Amino acid sequence: MSFTSTLFETRVVKMADREEIVVAGGRHLFPLLPKAFDGIQQIGVIGWSSQGPAQAQNLRESLAGSGIRVKVGLREGSSSMSDAAALGFTPENGTAGEMYDVIRESDMSLLLISDAAFAENYKRIFAAFRPGSTLGLSHGFLLSHLRALSEDFPKDINVVAVCPKGMGPSVRRLYEQGREVNGAGINASFAVHQDVNGKATDYALGWSVALGSPCTFETTLESEYKSDIFGERGILLGAVHGIAESLYARYVSQGMDKDEAYMNSSEAITGPISKTISHSGLKAVYEQLNQKERAAFRTAYNAAYHPCRAVLEEIYDDVAIGNEVRSVIQATRRHGTYPMGKIDRTEMWVVGEKVRADRGRNYGPINPETAGVYIACMMAQVDLLKDRGHPYSEIANESIIEAVDSLNPYMDYKGVSYMVDNCSTTARLGARKWASRFDYILKQQAFPAIDQNTTSNTTPFDGFLTNNIHEVLQVCAELRPSVDISVVPARGVCKQ
């Protein structure tokens with residue numbers, strides 16, 4: 001893959017043994033946006049789920065004074081119309097309307113509706129696009145669904161994607177922080193699937209810059225949907241939920257106080273482990289441990305890597321052949337009778353409410369077993385995506401950066417449901433489906449191996465130390481936002 005832009009400055013970055021081209025964002029680029037959107041007078045933001053509110057607001061603010069209108073399109077009678085109106089998007093001022101009308105009148109329409117709505121309504125949606133207009137996606141789900149049906153996008157429109165590497169609330173929150181610190185934002189990948197007028201690349205790059213993305217890297221729509229749907233079920237949501245649940249139960253069974261068990265499982269992951277990875281990389285977690293703790297980390301890592309990799313291989317294959325997309329569509333059709341249930345009513349998350357209520361405390365030190373299990377699963381995901389040919393920038397963002405910089409802060413703030421249920425329906429369903437598999441396999445395979453001391457002392461841990469993802473993360477660190485996402489007023493600092 002490679003791309004060029006006559007408008008935005010591109011940068012070649014060395015990612016381990018590969019080179020990739022990226023565009024660095026920042027508010028100083030906002031004056032270029034009218035040129036990037038050459039020929040576009042109105043951008044329709046269609047849908048009001050996780051990404052809709054954030055993208056509509058960010059675009060409106062970035063394009064202020066440009067003459068380009070941002071208009072929200074929602075279903076007739078949608079309950080979200082009042083939510084949009086509360087943010088200033090109303091039919092009265094011409095910035096909100098019925099979704100098909102908005103698509104027909106817009107030069108570029110960003111389809112941010114639920115994946116189930118795509119599946120049910122894609123033919124009518126496609127029919128509303130004028131020839132030469134641009135269809136924008138923030139997720140590759142629709143491509144997977146179309147391929148399963150042996151269908152395709154209309155051939156007379158541009159099809160582009162900009163996929164922020166974080167949930168909608170993160171996209172908005174870091175954009176707001178960017179008013180004080182230029183470059184704050186959520187990284188995004190972009191793809192040009194169809195270009196009918198030679199402008200699709202700059203349209204996509206302009207869209208990403210306008211969202212506040214500090215770094216935009218190239219992918220394909222196919223690569224994006226595979227890594228994204230897979231990643232949600234893996235370490236980003238499903239796996240971290242299962243890991244936290246299994247470790248909490250383990251520590252309680254070993255006699256640890258329930259509050260301490262929560263601190264050493266969920267809080268250890270979202271606090272000192274995530275913060276260390278975010279600022280200093282994966283190896284820094286291990287390197288700050290003492291000799292005894294390092295031994296515990298190695299044992300846990302070696303015990304957890306292959307069980308987690310086995311589940312991750314199954315997830316990836318199910319995504320690649322379309323099973324996960326079909327599962328999402330089928331599940332949403334059942335929601336009238338069996339809606340999604342709560343996922344924060346177990347003892348662990350009730351205890352977590354009490355622990356989090358003490359906002360004056362500091363985080364505890366890193367629990368080496370928790371760190372070993374969590375990073376083993378994260379690295380299993382990295383290695384799988386690398387083996388399947390994904391770009392390093394995509395691997396790093398979908399397996400590490402999005403986890404520690406965008407998603408885990410939400411679990412840290414209000415628990416697993418607050419993290420998962422601020423995401424798309426596809427992500428929420430996938431997390432619920434696969435979390436239990438990680439919980440189960442760790443209890444059945446990894447923890448007995450630790451207790452019976454039947455793990456190898458070297459592999460796969462040796463592969464962790466020499467993995468080239470560490471070099472990739474160093475490059476990514478140079479491109480990362482200069483602030484951490486602020487979900488709430490600052491909590492205690494990490495003890496490291």
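I began with the lining of the largest pocket: 19 nonpolar, 13 polar and 10 charged residues. My classes put Asp, Glu, Lys and Arg as charged, Ala, Val, Leu, Ile, Met, Phe, Trp, Tyr, Cys and Pro as nonpolar, and the others, Gly among them, as polar.

I noted that this is a predicted model, where local features need pLDDT of at least 70, side-chain atom pairs count only at pLDDT 80 or more, and totals for chains, interfaces and linings use all residues. Residues are numbered from 1 along each chain as its sequence is written, and side-chain values use heavy atoms, without hydrogens and water.

I looked up the pocket's volume: about 680 Å³. A pocket here is an open set of points on a 1 Å grid over the protein atoms alone, where a 1.4 Å probe fits, with protein on both sides within 12 Å along at least five of seven lines; lining residues have an atom within 4 Å of a point. Of the 42 lining residues, the closest to the centre are Ser 50, Gln 51, Gly 168, Cys 423 and Ser 424. Helix H7 gives the largest share of the lining, 5 residues. A helix is a DSSP run (H or I, at least four residues), numbered from the N terminus.

Next I turned to salt bridges (a side-chain nitrogen of Lys or Arg within 4 Å of a carboxyl oxygen of Asp or Glu). I found 31 in the structure. Glu 313 and Arg 388 form one, at 2.7 Å, N to O. Glu 313 sits in helix H13, Arg 388 in the loop between H16 and H17, 75 residues apart.

I also logged Arg 428 with Asp 421, at 2.8 Å between the closest N and O atoms.

Technical notes: Grid points are joined across faces, edges and corners, and a volume is the space filled by probe spheres set on the points. Helices (H or I, at least four residues) and strands (E, at least two) are DSSP runs, numbered from the N terminus.
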